[in-house]
Amino acid sequence: MNAPGSPVSATPAPPARSMVASWKFWAAIGALVGLVALFTFGFTKDPKIVPSPLVGKSAPPFEVGRINGPGRISLADLKGTPVILNFWASWCVACRDEAALLQAAYVKYDQGQHKVRVIGIAIQDTPDRALAFAQHFGKTYFLGLDDAQGDISLNYGLYGVPETFFINGEGWIHCKQIGPLTEQRIDEEVAKLQSAAKGERCGS
Amino acid sequence: MFITLGYTCLAAAFGVSLYGLVIPHLGVRRNNWNLIRSAQFASILNFVFVLGAGAVLMRAFLADDFSVRFVWETSSTDLPVLYKIAAFWGGMDGSLLFWEIVLAGFSAAVAYGYQRTNREIMPHVISVLNVMHLFLLGLLLTYSNPLAVQSPIPAEGRGLNPLLQHPAMAMHPPMLYLGYVGFAIPFAFAMGSLMRGKLDNSWVVTTRRWVIFSWYALAIGQMLGGQWAYEELGWGGYWSWDPVENAAIMPWLTGTAFLHSIILQEKRDMMKVWNVVLIIVTFGLSILGTFIVRSGVLNSVHAFAQSEVGPAFLVFLAVMMAVAVVFLFRRLALLESRHTADELVSKESTFLLNNLLLCGIAFTVFLGTVFPLAAEALSGTKLSIQAPFFNTIAAPLGVALLALIGVCTLIAWRSSNLRFLLRNMRVPLVVGVLAGAAGPLLGVGSLGAAFVFGVAGFTACVLALDAWRAVRVRANQLGIGFTSAFQDTVLRNQQRFGGIVIHLGVVFLFVGLAGNLFKSEHTLTIQPGHAATVGGYQLLFKGVKEETVGNARLRSAELEVYSGTRLVDTLKPGRNYYPTQPDPLAQVAIHRTVLEDLYVVLAGENTDGSVTIRVNLNPLVMVAWFAFPLFTLGAGLAMFYRPRRLPEPLLSRDWSLA
Amino acid sequence: MRVLNVSRRNGIRRLACALLALGFALWMAALPAAALTPEEVEQRVMTITDGLRCPTCQAISVKDSEASFSTEIRDKVRRMVEEGQTDDQIKAYFVTRYGEWILRAPPKRGLGLVVWALPGVAVAGAGGAIAWSILRGRRGRAARSEAAAGAASSALTTEQRERIQADLKRYEEED
């Protein structure tokens with residue numbers, strides 16, 4: 001029943017033609033579509049990952065002494081051979097799983113024939129703790145230690161561990177892996193390194 | 001058993017909301033008021049069901065029922081009761097349920113309270129609100145079920161992040177949600193008006209209190225968040241322009257603009273289109289804010305983890321905004337205002353300037369928050385837009401607003417004689433200059449801060465004179481004393497005095513913010529038994545103590561604080577080592593006075609027994625917090641008044657005493 | 001008898017002061033850069049690190065962050081300041097290695113310039129549009145009242161004309 005005195009039915013809408021013709025309407029709809037598209041794009045990206053500007057450029061020089069043995073090595077010494085330069089630390093939990101993979105890569109590519117050199121540099125660490133980690137997780141390849149001021153890690157634009165740089169034979173950084181490596185990723189990038197292709201983020 | 005009951009309540013609420021979505025339109029079409037009344041009743045029923053589900057979840061928290069996965073994720077047996085309650089909204093699922101409870105409560109209030117008024121648009125208002133209910137309940141029943149059970153039942157919960165165990169943080173989300181959801185009501189009324197084609201000022205008048213309430217809730221929610229960041233995070237500040245913080249301030253800024261421009265619509269029948277646009281934008285920003293927090297799309301330290309809820313919110317936002325835009329443009333012809341601003345020097349134009357500045361700041365915040373993502377989409381480069389950008393642009397706009405409060409109070413409606421205006425400004429300008437000069441004279445090194453003090457002095461003087469004049473006129477009218485007239489004047493002009501008090505709170509807030517311009521930060525290393533001098537204080541380091549507090553191991557450095565030879569305080573900055581956290585959490589120690597905070601954080605313990613501490617001298621922080629009680633008093637005055645029913649011709653005139 | 005009148009004397013005095021100041025400035029610039037005091041070094045470190053984003057925590061500046069990388073960056077900045085490098089050189093060092101992302105506000109060129117300029121342009125533009133529309137409305141009303149007044153017979157005195165204008169204005173205001 002209709003309540004006395006108050007009409008309930010709606011007034012008819014004015015013709016929609018004027019709405020569609022208005023540029024302001026389409027501007028508003030366009031802005032809305034743009035915003036949605038932007039955030040949909042955002043879903044495909046991880047905001048915490050910072051791509052490195054060093055990729056595609058020549059790798060910064062470094063020189064370290066070995067902690068699991070005698071000797072020193074510098075980037076210049078490695079010229080001519082592709083390098084997997086891995087930054088790690090004894091306090092880094094994600095580096096534990098990675099250790100076995102890197103050791104396997106060392107055995108596969110480095111040991112003996114030196115097709116690809118595998119170098120690990122510990123950062124923000126002490127020789128004792130780094131050695132203990134290496135022994136526990138079976139890392140026998142060349143392991144160095146960054147100095148207390150973090151010169152090498154700052155030079156390479158490090159902001160966390162583990163991070164790995166794939167450097168080709170001419171000394172250019174082919175790609176940078178942020179976070180732990182997988183066996184598949186290592187094999188893929190090594191193959192690309194040997195073909196002298198230039199990547200961006202490892203996997204792209 | 002209880003859990004199934006709770007879940008059934010949610011499902012029942014979903015059904016009731018579906019009824020409430022469809023039936024009002026049926027009632028409108030068939031001219032059947034009873035159908036619409038049943039939809040109003042359905043809103044109340046929806047609230048009862050949702051409250052029931054909430055009660056079930058709360059019982060699970062209080063009883064440590066870890067069969068409920070959400071309780072296990074956010075609570076533990078050793079959590080104090082306050083934080084068990086706060087854990088309800090401490091995670092994604094529970095916070096969505098909290099949202100829905102608040103929205104259902106507001107919808108029920110609207111359905112019950114406005115049964116007899118606003119008859120023509122009520123069906124549409126209820127329908128729009130039920131769209132929101134359906135969305136939230138849909139999420140709660142599927143992706144984001146807070147009552148999902150797990151087995152086997154763990155003996156202990158994961159616990160609430162110790163960072164969040166702070167009283168301000170317990171109240172921060174509820175206040176923010178009250179604010180966000182509060183803006184849904186004027187939005188629904190605007191939509192109702194547009195759908196119905198009834199485009200007079202009734203929707204604005206009806207929802208004014210909701211707008212004040214939402215404004216207040218958002219303001220307090222943000223201040224609580226700032227207080228928490230200041231006391232818990234240890235970086236020395238209370239606002240960092242983080243994307244999630246920006247997500248809250250944007251609807252608050254446009255909501256403030258809306259609060260002012262609806263006055264223009266009520267008093268002068270202006271800005272009708274702009275007000276609809278502004279409430280659509282404000283509500284849209286509320287949803288966007290929730291989306292930013294929950295989706296993980298923007299890099300923020302506050303955000304909840306990424307989840308499927310993000311895309312759902314984006315779709316909801318897009319649909320609501322698209323429908324709103326379509327209805328707005330369909331009714332554009334009916335929304336013509338009767339008046340526009342007449343003169344450049346008039347109260348109307350200062351209100352327009354107010355809207356311009358507030359929306360300008362909101363636009364800046366929006367740009368800075370979203371631009372990094374846009375730049376990445378367009379050019380692939382990642383760039384950062386953080387505090388330096390926002391502070392540089394928002395600060396001058398904010399100070400202009402502060403001055404505008406004073407100027408606007410002095411200007412009359414329609415038009416003002418410039419000479420008359422300047423004459424009225426003389427005393428406040430003098431006060432302003434004195435206040436500004438006081439800064440450097442008292443040792444404040446920053447010219448910017450002195451300028452802010454000057455503007456604050458000017459505006460505070462204008463506000464005080466305005467109040468004083470109003471009371472004096474009343475006192476003369478009634479022939480009574482000033483103090484007796486005071487209560488009478490305030491009670492007769494609650495809205496106006498509420499506004500004066502809130503604006504005074506804004507003045508205090510700005511004075512407090514200006515303290516950031518001349519704060520100092522020091523890093524010191526002190527040996528045990530030695531003292532260091534910072535500002536006017538000497539800090540004597542007594543030694544490091546270790547104790548167990550709850551489930552944490554607290555190592556703190558005991559510092560005795562002397563001003564001259566007088567011991568003023570003992571501060572214990574330290575670090576809490578929790579078994580569940582890899583890094584220790586800072587325990588900040590603060591010695592507060594009105595003029596400055598002595599803020600100490602333990603940076604590290606060194607091998608030789610000394611400690612490295614970071615000491616900040618933060619001026620005027622207490623002054624900023626003082627805005628809190630002023631906002632509360634002002635909002636209370638403005639909201640809880642009995643409107644006197646004046647006849648229509650008298651209603652449309654401006655009776656303000658300016 | 002005066003050799004020079006007052007204004008010329010003052011002019012010469014001002015010129016002499018200016019020349020002295022210029023000479024002093026040139027002399028100061030020619031001096032080798034004085035070593036920075038520890039307070040000045042700290043001040044510069046604070047300013048520079050306040051503009052750098054902490055790469056690990058990412059929400060706050062290097063100045064405010066306690067993260068290990070931030071501490072290393074602060075120490076590196078301190079060493080670079082003590083070596084005598086300029087603010088721009090130090091920032092460029094980090095931008096080369098971390099990208100423009102490490103700057104907390106975009107540099108004022110290219111895309112960054114758009115961001116910095118847009119808010120001011122938008123507010124000024126909108127403000128101008130509002131002011132213009134108010135003034136246009138005012139001119140329209142003034143023209144209308146002029147026309148209304150002009151239509152009256154020329155036999156009116158100026159005083160009567162003014163009264164008509166005032167009455168018309170009041171009539172419009174009470175609308």
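In chain C of this predicted model, residues 24 or more positions apart account for 41% of the contacts with a separation of 6 or more. Chain C contains six helices and zero strands, and its pattern along the sequence reads α-α-α-α-α-α. Of its 175 residues, 22% count as buried.

**Helix α3 of chain C**

- Helix α3(C) covers residues 68-83, 16 residues in total. Its span from first C-alpha to last is 23 Å, close to the 22 Å expected at 1.5 Å a residue.
- The buried residues of α3(C) are C:Phe69, C:Ser70, C:Glu72, C:Ile73, C:Lys76, C:Val77 and C:Val81.
- An α-helix has 3.6 residues a turn, so residues three or four places apart point the same way.
- The packing partners of the buried residues of α3(C) come from two chains: α5 (151-155) of chain A, and α2 (38-50) and α4 (87-98) of chain C.
- After α3(C) comes C:Gly84, which has a positive phi near 105°.

**Contact between chains C and A**

- Chain C and chain A contribute 14 residues each to their contact.
- On the side of chain C that touches chain A, α3 and α4 of chain C each supply at least two residues. The largest share, six residues, comes from α3(C).
- By class, this side of chain C comprises five nonpolar, five polar and four charged residues.

**Contact between chains C and B**

- Here 32 residues of chain C are in contact with 35 residues of chain B.
- Helix α5 (residues 111-150) of chain C gives the most to the side of chain C that touches chain B, namely 15 residues.
- The class composition of that side is 19 nonpolar, six polar and seven charged residues.

**Domains of chains A and B**

- Chain A is divided into domain 1 (16-45) and domain 2 (63-194). The C-alpha centres of these two domains of chain A lie 48 Å apart.
- For chain B, the domain assignment gives domain 1 (1-156), domain 2 (411-517 + 624-643) and domain 3 (520-622). Between domain 1 of chain B and domain 3 of chain B, the C-alpha centres are 46 Å apart.

**The five-stranded sheet of chain A**

- Five strands of chain A form an open sheet in the order β5-β4-β3-β6-β7, with mixed pairing.
- Strands β5 (142-145) and β7 (173-178) of chain A stand at the edges, each with a single partner strand, so one side of each has no neighbour in the sheet.
- From one strand to the next, the twist averages 20°.
- Strand β3(A) has six of its six residues buried. Both of its faces are covered, with A:Val83, A:Leu85 and A:Phe87 on one side and A:Ile84, A:Asn86 and A:Trp88 on the other.
- Six bridges join β3(A) and β4(A) in the parallel sense. Within this pair, A:Ile84 has A:Val118 of β4(A) as its bridge partner.
- Strand β4 (residues 117-122) of chain A also runs parallel to β5(A), to which four bridges join it. The partner of A:Ile119 in β5(A) is A:Phe142.
- Helix α3 (residues 95-110) of chain A lies across β3 (83-88) and β4 of chain A. The helix runs at about 150° to β4(A).

**The four-stranded sheet of chain B**

- Strands pair through backbone hydrogen bonds, either parallel or antiparallel.
- In chain B, four strands form an open sheet ordered β1-β10-β9-β8, and the pairing is antiparallel.
- Its edge strands are β1 (520-526) and β8 (589-592) of chain B, each of which pairs on one side only.
- With direction ignored, neighbouring strands of this sheet are turned by 20° against each other on average.
- Seven bridges connect β1(B) with strand β10 (residues 611-619) of chain B, and the two run antiparallel. Among these pairings, B:Ser520 has B:Leu617 of β10(B) as its bridge partner.

Key. Residues are numbered from 1 along each chain as its sequence is written. Chains are lettered from A and ligands numbered from 1 in the order in which they are written. This is a predicted model: local features need pLDDT of at least 70, side-chain atom pairs count only at pLDDT 80 or more; totals for chains, interfaces and linings use all residues. The expected span of a helix is 1.5 Å times one less than its number of residues. A residue is buried if 20 or more other C-beta atoms lie within 10 Å of its own, exposed if 12 or fewer, and partly exposed in between; C-beta atoms are placed from the backbone. Two residues are in contact if their C-beta atoms, placed from the backbone, lie within 7 Å. Ala, Val, Leu, Ile, Met, Phe, Trp, Tyr, Cys and Pro count as nonpolar, Asp, Glu, Lys and Arg as charged, and the others, Gly among them, as polar. Two strands pair if DSSP finds at least two bridges between them. Axes are lines fitted to C-alpha atoms, for helices over the stretch in contact, and angles run from 0 to 180 degrees between N-to-C directions. Domain bounds come from an automatic or database domain assignment.
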